[in-house]
Amino acid sequence: MQRCRGCQAHDREGAAGCLTGLAMPSEIAEFVIRFFVGGIVVSAFAVLAEIFRPKSFAGLFGAAPSIALATLGITIAHHGKTYAATEARSMVFGAIAFFCYASSVSWILMRVKPRVLPTTIALIPVWFAASFALWFVTSAITR
Amino acid sequence: MMVQAKFSALKGIKPREFALRFAFGGLVCVAAGLIAKSFGPAIGGLFLAFPAIFPAGASLVESHEKMHKARAGFDGTRRGRTVASIDSAGAAIGCIGLAGFAIVIWTLLPRWNTYNVFVLASLVWVTLSVGSWMIRKSRVFRR
């Protein structure tokens, strides 16, 4: 069996402690696992959003920590807890940016009533602007 | 307002829609990992709260509502966009829980047992999201 390159779990606990102890480079295995676990977790939350009524309550699942739940475990296994905690710190900014994005989508859809898919895609820059601005300001303050 | 779970709503979802969500979810999880690998965990962490399946989800909400109204003989275009707006407002409220989830992981993960931190973070997400939704729906915010 090929040893994983740069795998901290492998370094600490040997092959038995490695989630991706497969006969393939650990990075490929990590991304294959990320894809399938991510797909399953995100789909599961999408199912919950379909089941619940009223729609404002179902919308809560649109902002579920699905990507975090799917990937943080793999991140901890490969890079350790400190690395994952740093990711979670930035995730707070991402969540605030998501709030700005979802609020702007809701406001425009309610007031102007344009088509939904083009509107939600066109407003994605709101998320990028808000998240990177928050990250940049916080990095500048704490430097 | 009563929250209901309508399992019959799952029958209306086409396999193609499930596949779309699975693929989007998986791809965003892989992208988050690749970004963290290239630019570090501080930038990669932002993408743990990326509105990955939000545009697809909101668009499906619109089309389902439109289809529902069309069956009754009405043009559900405006109705579909209004429901998508309500769904987005729910997602904005859910972001409060998402930020709470991230804060718990960020502050407690380096010191506590991983499993306990994930359980606590998930509880914080549910409590903050549902609590915020209930406050928003309470008489205080009713117009």
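Buried area is the accessible area (1.4 Å probe) that two parts lose on being put together, summed over both. By that definition, chain A and chain B bury about 7,000 Å² between them, and 78% of this lies on carbon and sulfur atoms. The size of an interface is often given as the accessible area lost when the parts come together.

This is a predicted model, in which local features need pLDDT of at least 70 and side-chain atom pairs count only at pLDDT 80 or more, while totals for chains, interfaces and linings use all residues. Residues are numbered from 1 along each chain as its sequence is written, chains are lettered from A and ligands numbered from 1 in the order in which they are written, and side-chain values use heavy atoms, with hydrogens and water left out.

**Chain A**

Chain A has seven helices and one strand. Helices (H or I, at least four residues) and strands (E, at least two) are DSSP runs, numbered from the N terminus. Along the sequence the order is α-α-β-α-α-α-α-α. Of the 143 residues in chain A, 52% are buried; buried means under 20% relative accessible area, exposed over 50%, and partly exposed in between (1.4 Å probe, protein chains only). The accessible surface of chain A is about 6,300 Å², with 71% of it belonging to carbon and sulfur atoms. Such areas come from the Shrake-Rupley method with a 1.4 Å probe, and for residues only the protein chains shown count as cover. Contact means heavy atoms within 4.5 Å. Among contacts in chain A between residues at least 6 apart in sequence, 48% join residues at least 24 apart.

**The interface**

The contact between the chains takes 72 residues from chain A and 79 residues from chain B. There are 13 residue pairs in polar contact between chain A and chain B, both residues being at pLDDT 80 or more. A polar contact is a pair of N or O atoms within 3.5 Å; within protein, one must be able to donate a hydrogen and the other to accept it, and residues adjacent in sequence count only if both atoms are side-chain atoms. On chain A, the elements that give two or more residues to the side touching chain B are α2 (26-51), β1 (52-53), α3 (55-58), α4 (66-79), α5 (81-111), α6 (116-122) and α7 (124-142). Of these, α5(A) gives the most, with 23 residues.

**Charged side chains**

A salt bridge is a side-chain nitrogen of Lys or Arg within 4 Å of a carboxyl oxygen of Asp or Glu. The structure holds three salt bridges over all chains, and the count between chain A and chain B is one.

| Salt bridge | N to O distance |
|---|---|
| E30(A) and R34(A) | 3.2 Å |
| E50(A) and R21(B) | 3.2 Å |
| E62(B) and R81(B) | 3.0 Å |

E30(A) and R34(A) both lie in helix α2 of chain A, four residues apart, about one turn of the helix, and both are buried. E50(A) lies in helix α2 of chain A and R21(B) in helix α1 (residues 15-39) of chain B, so this pair joins two chains. Both E50(A) and R21(B) are buried. E62(B) counts as buried because its relative accessibility is 10%, and R81(B) counts as buried at 14%.

D87(B), in helix α4 (residues 77-108) of chain B, is buried yet has no salt bridge; the nearest side chain of opposite charge, K55(A), is 4.8 Å away. Not counting residues up to four places away in sequence, D87(B) touches K55(A), A58(A), G59(A) and V61(B).

**Backbone features of chain A**

Most residues other than glycine have a negative phi, and most peptide bonds are trans. A cis peptide bond joins R53(A) and P54(A), with omega about 0 degrees; P54(A) is in the loop between β1 and α3 of chain A. K113(A), in the loop between α5 and α6 of chain A, has a positive phi near 55 degrees and is a residue other than glycine. K113(A) is buried, with a relative accessible area of 14%.

I108(A), in helix α5 of chain A, is partly exposed at 23% relative accessibility. Leaving aside neighbours within four places in sequence, I108(A) is in contact with K113(A), P114(A), T119(A) and L123(A). I108(A) and I74(A) are 34 residues apart in sequence and 37 Å apart in space, C-alpha to C-alpha.

How values were computed: Lys, Arg positive; Asp, Glu negative; His and termini not counted.
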